[in-house]
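Subject: Structure handover and notes

Hi,

Here is the structure I promised to pass on. My notes follow below it, so do have a look at both when you get a moment.

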There are 10 protein chains.
Amino acid sequence: MALVGKKFPNLSVNAMNEMGDTFQMNILEEAQENNKKVLLFWYPKDFTFVCPTELHAFQSALEEFEKRNVMVVGASCDTPEVHFAWLNTPKDNGGIEGVTYPILADSNRNLSSRLDILDIMNESYDDETGAITVEGDNVTYRATYLIDEEGTVFHEGINHMPLGRNVKEFLRLIDAYTHVQEKGEVCPANWEEGKEG
Amino acid sequence: MALVGKKFPNLSVNAMNEMGDTFQMNILEEAQENNKKVLLFWYPKDFTFVCPTELHAFQSALEEFEKRNVMVVGASCDTPEVHFAWLNTPKDNGGIEGVTYPILADSNRNLSSRLDILDIMNESYDDETGAITVEGDNVTYRATYLIDEEGTVFHEGINHMPLGRNVKEFLRLIDAYTHVQEKGEVCPANWEEGKEG
Amino acid sequence: MALVGKKFPNLSVNAMNEMGDTFQMNILEEAQENNKKVLLFWYPKDFTFVCPTELHAFQSALEEFEKRNVMVVGASCDTPEVHFAWLNTPKDNGGIEGVTYPILADSNRNLSSRLDILDIMNESYDDETGAITVEGDNVTYRATYLIDEEGTVFHEGINHMPLGRNVKEFLRLIDAYTHVQEKGEVCPANWEEGKEG
Amino acid sequence: MALVGKKFPNLSVNAMNEMGDTFQMNILEEAQENNKKVLLFWYPKDFTFVCPTELHAFQSALEEFEKRNVMVVGASCDTPEVHFAWLNTPKDNGGIEGVTYPILADSNRNLSSRLDILDIMNESYDDETGAITVEGDNVTYRATYLIDEEGTVFHEGINHMPLGRNVKEFLRLIDAYTHVQEKGEVCPANWEEGKEG
Amino acid sequence: MALVGKKFPNLSVNAMNEMGDTFQMNILEEAQENNKKVLLFWYPKDFTFVCPTELHAFQSALEEFEKRNVMVVGASCDTPEVHFAWLNTPKDNGGIEGVTYPILADSNRNLSSRLDILDIMNESYDDETGAITVEGDNVTYRATYLIDEEGTVFHEGINHMPLGRNVKEFLRLIDAYTHVQEKGEVCPANWEEGKEG
Amino acid sequence: MALVGKKFPNLSVNAMNEMGDTFQMNILEEAQENNKKVLLFWYPKDFTFVCPTELHAFQSALEEFEKRNVMVVGASCDTPEVHFAWLNTPKDNGGIEGVTYPILADSNRNLSSRLDILDIMNESYDDETGAITVEGDNVTYRATYLIDEEGTVFHEGINHMPLGRNVKEFLRLIDAYTHVQEKGEVCPANWEEGKEG
Amino acid sequence: MALVGKKFPNLSVNAMNEMGDTFQMNILEEAQENNKKVLLFWYPKDFTFVCPTELHAFQSALEEFEKRNVMVVGASCDTPEVHFAWLNTPKDNGGIEGVTYPILADSNRNLSSRLDILDIMNESYDDETGAITVEGDNVTYRATYLIDEEGTVFHEGINHMPLGRNVKEFLRLIDAYTHVQEKGEVCPANWEEGKEG
Amino acid sequence: MALVGKKFPNLSVNAMNEMGDTFQMNILEEAQENNKKVLLFWYPKDFTFVCPTELHAFQSALEEFEKRNVMVVGASCDTPEVHFAWLNTPKDNGGIEGVTYPILADSNRNLSSRLDILDIMNESYDDETGAITVEGDNVTYRATYLIDEEGTVFHEGINHMPLGRNVKEFLRLIDAYTHVQEKGEVCPANWEEGKEG
Amino acid sequence: MALVGKKFPNLSVNAMNEMGDTFQMNILEEAQENNKKVLLFWYPKDFTFVCPTELHAFQSALEEFEKRNVMVVGASCDTPEVHFAWLNTPKDNGGIEGVTYPILADSNRNLSSRLDILDIMNESYDDETGAITVEGDNVTYRATYLIDEEGTVFHEGINHMPLGRNVKEFLRLIDAYTHVQEKGEVCPANWEEGKEG
Amino acid sequence: MALVGKKFPNLSVNAMNEMGDTFQMNILEEAQENNKKVLLFWYPKDFTFVCPTELHAFQSALEEFEKRNVMVVGASCDTPEVHFAWLNTPKDNGGIEGVTYPILADSNRNLSSRLDILDIMNESYDDETGAITVEGDNVTYRATYLIDEEGTVFHEGINHMPLGRNVKEFLRLIDAYTHVQEKGEVCPANWEEGKEG
């Protein structure tokens, strides 16, 4: 079922920060307890080509998000150890050195399977052994969630694997939603802050 | 399950065109048989405020979509008769006069329930009568699907009710995807045609 | 199961009045709390040909119903917004301008599916997606319900789509039933007030 | 589910004619094979007050129905023997002497339970004996069906027990439906033959 | 399961008396509360040939039964209204005028289905409509029950439709059973009061 | 379900004749293949008081039954060996010496459980052992069946344990049924051969 | 499951003694309350050839069993009445006159079905009637149980129908078991009292 | 269900002979293919006190069994290796040196669980692990089976753990059964070859 | 599911010690209550070739295990009696004389089926008899468990039937695990006490 | 169920080699088609401390394994991309540069869930969303499998997370198993090539 208009799932997930600390993060609580918006973006795998570009793009725009009281969180199904190794790899070597926002390490897929954004299909159950076999790498699509200060999802979007995201569009959506929150107005298409609605 | 990376559902739905003709439209076949991309956007209800703005915005950009071989289709759960009445209502009166792309009239909700974008929740079944009672108006969220020439969904996104869409972002996504199709390159974040990847 | 002799379903439904206000209406409570009879008539769709004729016919006879302490309520599965647009469309343009009784907007079909008067058939369930596909437009037949002051249905009737209703016959049925209520007499065929039973 | 718009059930039922012959009658076949419309009206019980009045009213108008190629059939759950006794009871003694149309004797309730017009409720099943106990007399409501030459139901209506029917309204409905059949026009409210639609 | 040796079912049924009053009768309570034996005999239908003969035969012997403290009750599945009409039909016209014992009107078949004496067979259930279709007229066989003062059945017998009953044999069975009750002796075959056992 | 009007069960059962031969008897086939009526009477137990009286009564009337082309068969759940011992016990010692008709030995209860005339109740199933425990001696009531030449049951009756049967009543029932068979007339109550119907 | 090493079933069964009294016997309670061993032997049928021989053999050895504090009980599925008739039949006529130990009359098969020693097989269930049909006479095999003072079975054995039992072997088994009870020694093969183990 | 009167189970089991060879033995086939009777005796465990005594007793009488065309087979749930070790242990050390008949090694309990002679009870199933826990050592009682040349069991007996068997009684049973086979006579109690029946 | 990281099953099993005493042993309690590590090794069968070699090897190293506070326990599915016989068989005759650690006698397979180390497969269930037939000897593989002082398994390994174990490797694993316990260090590959990690 | 003695699962899994190529590897086919033994070792995560030590230890001994015709394969649930990044990380930085054997990238857990070696427990299923939540990181224990040329597992072992493996022990097990294969001898404990068995 679509998540828009509902609360984000209440789950704690492993995460890694730039210090190399592994800690537990609950997106819903982050939003509600800190009275912040959250932008949560998923990418398929660490140590690949498209992904670091996106991660750097969000890092470059981090100040813009913070001005809008938005917490940015990245996420993949790699382990905290792998995130840390990637964080320590220079950008020139395909790493994400310099990224300062936290990155979820959903290695047990608790959150991504709840969001239904894993690239697996055709599950087959082996009666004899009780094991499940799937097709696909069991990693996530390029899904993005915008969550407001009450934990309600106000945008969700998924791009096919090879398709990068546009950071500015998320800023626009956040501004438009904030405008609705503050002004009680419904926001027409193509709305942009400062332009005529 | 996320639709991205999969074929769009193979279903025929009533639709209304600017001539007032009711006809059957199958989005998957439209894409495959005409070798076109399709942008399908859903809005909650005819005769409301935000919706016509979006409908006019897509109309204004229609030439841009057509240059890119993209068919634009609107959709709500109102009947063809209601679409026609709205199409005949001048823009100044809150109507959508001037819109020329077809609009799906999914009054039986066959397609929207398949896409899981209806705003209903908490279904309760009455054992005695066999009837189902729901909460919500049983209309769709502001969901958008980008579909390629083979009928594969390459982007899906849902906005919360009061939040309008950005037509330009869809043009960007289409260009980026076409770039991947043509160049075999994977597309980095914030990519725009003519800019450096 | 036939509703005659039983209480009308206890459900609240969206409704639109001539002022353009959307409000919740519960037919059973209207009857019981206001100690009124209710005539509830369903028509398939707004903005069609037969329907407005019927809606105007009930409007013309409204005084007759009110003299008999009967509340008239129209109903379709269109949204309140569409009802309002139609109420603002002049009669000459196929609209229902001038109608003053409320009209139910059962867009979520809670009441019409409970009454089993939707034109859908051959439901098929898709195991993979959990979605249900139906044949038919998912709009109502031309069904009419007469309900007494205790909320008990004393007449129900359904006409096939192209067949209009006779407002006088409902007045006759109401008079005959009132006669039974007041006189404790059972009412013979073709009974009319003032004529010999 | 509403029967309107669907074929009448294909079932043979015992019937009694004025000659005292018991025979089998299948309403669907009567319509289709004789290319006639059928008016089938149910009443609760033989030898009661309201019922004979209605039976006589239909008899008085029989010529009108026949002019319109409509077969009139009465029906209750009494046996053919009881129908015959009632047919032989003078009108002054509360009988229906003079009625010439056939009357269904649905003593096994095959048809009336299929139409769901029996006044029983709260079935309870006795596990030990396998017997079913119900509330109500297990007789029918005052239900009426109008069926066209193809066996399709175009009107169904049910009156509460004490409420008699209006023969003229059925003539009007038949005329209106015939008008639609012949003229291909949809029939507005309060339509009457010869009047302006 | 055979009822002999067990209590008669504890059910209230509509009944008609010679005054034309409809009332509720519970055979088990009649026996226990009045400390009487009961002879309950079922016949298929009112207004038929064999049945009135039996009804008159029981009436003729009524004094004999009453001397033995036995209540006689007739029963069929016709309605009280039909019983009353038949009670008002002279014997010469095939009626049962003159009968003074009460007659059960088991129109809802609660008791006769519990006793399993209805002539229906081959029930078939229609999955689509939930209705049950049967063969047979859904009337009772010629079943007889003898019940003692504690409500225990001490004889049950069923005759095929065309076969009348022998009132004297029931008097013999009652006398023999009373003999067992009073003398504590078991009764040999062909026993008759006053004869040698 | 009542057996009257249906074929007698098609089952072979052990039986004993006066010669001491054990053989298999199928009541249905006896009737159909020999074109005879059958009177089958059950008694609870060999070597008891009431039973031999009944068995002798049927023996005394055997000629009357044979004149009417009726085969008499006794039956209990004792073994053939016990029947034979009882047949060899003089009448004065409580035996049935002199009985010449066959006696079923339904020790496996195949037929009596099919007829549902065993005096057992309150079956309880032991989950652990799979055994069934009952109350009652698991012997038959005093049940009698009259079967015609086609194997159809036309009378069934059950007497409580201590209550003997009346042989003459069975002769009367047979004569009345034969009268119906031959004359095509339905038989009124208290009918006797040679008397006025 | 084998009964050896477990308590004998706790069930009361009809029994007949030499006085002709029918009474209830519970083998488990007999053993426990009287602090006795019990030898219970089953035979197929009264009034047959092998069986009386065995019954006389146990009678002849009765004193030996009583010296060892063992109660002897016979058992079949015949009724108490049949047992009494057989007990009154002289030995020369194939009877068991002179037998003084009690004989169970398990006519309802409660105990024998619990012990699983009935000769029935291939049960088939008739869905329509709910009756069960079996092959076999529903009588017991020649089964023997030795039960100690606590009600525990210490030997069970079953012989095929035509095979008689050896009374002495049971005396040997009882002596050997008593030896184990008294001496706490385990008993070697072929052990006999007074011989070397 | 008792095995007497039925075929012995058709199963192959590991066995050990005096040579130390492990081989497969199927008791049913041994009887049928060699046209021999079989005496199969089970004991609880190798290397215990009672058991070797019984094994030696059967060895001592082996010639008597062979004269009667009877094959003797021992059986326990120990492995072939353990049987061989015990066969190599001198009698004085508690071994069974000198035994020449084969011994089944039913370590997988296929046959003993089929015969239901294992001393386990109170199985409890662990849902989490799928493992079954029992009480008891999972070894067999002292059960004995006599099987004829067609594989039919004609005697089965079980002794409680501490109770040894009597070899002579089995010889007697075999002689008696052979007598029945040859003479067609049924065998009275206490029968012995050469003695009067 | 793998046992490593979880508590060893809490089950009591028969065991034999060198004194010939049968007693109950619960591995989990042994570890926890004595604050010891446990090495539990399973072998397929007593009285075979490979097994005694392994049992002697563990005996030779017993002092080394005890120095490390480790209890050594052997285990197979043979009975305590068989273990005792083997313990009394000199090493030169293939026995295990000299072994002083206890040996589990899991004849009822409670523990080995819980550990899922039995060599059975292809279970087939016989519906008629309720017995289970398997392939394989129902003995254990060569499985080894290392359990710490809290009852947690820290190593499990299984060798195919013909493959002996290496006692030194278990000493190494114990030392490495103890090192982790004491030093809080994680242990690299090939670690050995006193060597550089 | 234990895998020892059975074929290794027939599944293809992603793998990475030192060249950075991602390819599919099926362990069972590798063994069977190349006629090689396989040592497959699992470790929990890339970029951790213990793991690289083990990976280097296997690399150092690689020549020894190859001399014995054994293929060495590592495995974790990280992606091929992460394996490649680790392979390119120098040993001094905690990387595994220099490792030349392939490493399985079982990111979809098809093989590890089939082997039941993941550290997850307490699965809980969310009825509303259909998602499964687990405890644990969903990575593998330190499990090792030795597989022969026919694909049969001859050793499996699992170490708790902090416990490293001993490469030499695996060489010993391989040599011992090869010895059994070549010499047909069963291998005693502590066996080593060249030493006395």
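A contact here means heavy atoms within 4.5 Å. In chain A, 63% of the contacts with a separation of 6 or more join residues 24 or more positions apart.

First, some housekeeping. This is a predicted model, where local features need pLDDT of at least 70 and side-chain atom pairs count only at pLDDT 80 or more, while totals for chains, interfaces and linings use all residues. Residues are numbered from 1 along each chain as its sequence is written, chains are lettered from A and ligands numbered from 1 in the order in which they are written, and side-chain values use heavy atoms, with hydrogens and water left out.

Along the principal axes, its C-alpha atoms fill a box of roughly 60 × 40 × 30 Å. Of the 197 residues in chain A, 63% are buried (under 20% relative accessible area, with a 1.4 Å probe and protein chains only).

Now the rings. Over all chains there are 95 aromatic pairs (Phe, Tyr or the six-membered ring of Trp, centres within 6.5 Å; stacked under 30 degrees between planes, edge-to-face over 60, the rest tilted). One of them is the tilted pair of B:F47 and B:W86, at 5.8 Å centre to centre and 40° between the planes. B:F47 sits in the loop between β3 (37-42) and α2 (50-60) of chain B and B:W86 in helix α4 (residues 80-87), so the pair ties together parts 39 residues apart in sequence. Both B:F47 and B:W86 are buried.

In chain H, the ring centres of H:F154 and H:Y177 are 3.8 Å apart with planes at 5°, so this pair is stacked. It links strand β9 (residues 153-159), which holds H:F154, to helix α6 (residues 167-183), which holds H:Y177, 23 residues apart. H:F154 is buried at 0% relative accessible area, and H:Y177 also counts as buried, at 7%.

Happy exploring!

Definitions and conventions:
Helix = DSSP H or I, 4+ residues; strand = E, 2+ residues; numbered from the N terminus. Buried < 20%, exposed > 50% of the residue type's maximum accessible area, 1.4 Å probe, protein only.
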